[in-house]
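Please keep the structure in view while reading.

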Amino acid sequence: MEIQIPSSFSELNSWQKEEICYLLLQDNEYFEQKFIKILDILIRKNNSKAEKRKAKTIFNQVSVSDLSKFANFVYNSVDLFVFPEISDTLQAPAPRLSDISIKQFSVSDAIFYQWKTQKMPEIYAQQLVAVLYKQKNTTFDSAFLPKIAEITDAISPKKRAEICFAYLCTRQYIVNKYPKIFQPKNQKNEGEKPVFTKTNKYITFSKLILEMALHEKQPLGNLHECNQTKLYDFLDIFNELL
């Protein structure tokens, strides 16, 4: 039986991304139950009755063990780097957060740390989404966050899960790209580096921005200029100075 199933996050449609990301961020189900649900979502294109019948037919004809290979990418890769559009008045981050400032990343990452270490409460997920999205044609300003939150808080929990998972994937990409900045769990602290472990003290990026601004050569200018520097430009320079 020929089965056409997405083989990467980039091949998932909007409905599949929301459903799978929401499931992946839940910790109240056994792995086996969650895995079968993910397979079901991968087989279907939407939540229609016709797609449900199609999935039921496939499950009746093909064993779960034979189907399992189609879902391996969900657990073996973290490559969802695209953030969805959620409003006509808000600007979504570019893939891999390539267009945000280090200041915006600093705020979002501090919230992400709280969200991840405190078992992902919804309040931090809401705050993270509000920080990641900007009003169109504006630069990041925390003063706009209450207004932005009025829009972002209204999106569905599953859409919010998709955004949080995309941030999680992007952060892991950044950690892999800059290993000197993000130290491993088994490495002792050597100066102030941003870490993401429960055993080491978390150092916010705001301290690193200040350190860069106070550097004798000021490679990115004063504190205001440092805050406005694009994320990857900042990390490239900071990485060279380590």
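In which helix is Leu223 found? Leu223 belongs to helix H11, which covers residues 223–228. Helices here (H or I, at least four residues) and strands (E, at least two) are DSSP runs, numbered from the N terminus. The model is a predicted one, in which local features need pLDDT of at least 70 and side-chain atom pairs count only at pLDDT 80 or more, while totals for chains, interfaces and linings use all residues. Residues are numbered from 1 along each chain as its sequence is written, and side-chain values use heavy atoms, with hydrogens and water left out.

Leu223 has a relative accessible area of 39% and is therefore partly exposed; buried means under 20%, exposed over 50%, and partly exposed in between (1.4 Å probe, protein chains only). Together with Leu210 and Leu214, Leu223 makes a nonpolar surface patch of about 290 Å². Such patches are made of residues with over 30% relative accessible area and no salt bridge, where like charges are joined within 9 Å and nonpolar side chains (Val, Leu, Ile, Met, Phe, Trp, Tyr) within 5 Å. The accessible areas come from the Shrake-Rupley method with a 1.4 Å probe, and for residues only the protein chains shown count as cover.

Attention now turns to helix H9. This helix comprises residues 157–177.

Lys159, a residue of H9, is buried at 11% relative accessibility. Apart from neighbours within four places in sequence, Lys159 is in contact (heavy atoms within 4.5 Å) with Ser14, Glu18, Pro84 and Ile86. With Ser14 there is a polar contact between the two side chains at 3.4 Å. A polar contact is a pair of N or O atoms within 3.5 Å; within protein, one must be able to donate a hydrogen and the other to accept it, and residues adjacent in sequence count only if both atoms are side-chain atoms.

Side chains of opposite charge can pair when their charged atoms come close. A salt bridge is counted when a side-chain nitrogen of Lys or Arg lies within 4 Å of a carboxyl oxygen of Asp or Glu, and this rule gives 7 salt bridges. In one of them, Glu162 pairs with Lys159, the closest N and O atoms being 3.3 Å apart. Glu162 is buried, with a relative accessible area of 3%. Glu162 and Lys159 are 3 residues apart in helix H9, which means a separation of about one helical turn. Salt bridges with shared partners join Glu18, Lys159 and Glu162 into one network.

Another salt bridge links Arg171 to Asp109 (2.6 Å, N to O). Because Arg171 lies in helix H9 and Asp109 in helix H6 (residues 102–117), this pair ties together parts that are 62 residues apart in sequence. Both Arg171 and Asp109 are buried. Arg44 forms a salt bridge with Asp40 (2.7 Å, N to O), and Arg44 is buried at 7% relative accessibility.

Finally, Pro6 lies in the segment before helix H1 (14–24) and is buried, with a relative accessible area of 13%. Not counting residues up to four places away in sequence, Pro6 touches Glu11, Leu12, Gln16, Leu42, Phe70 and Phe73.
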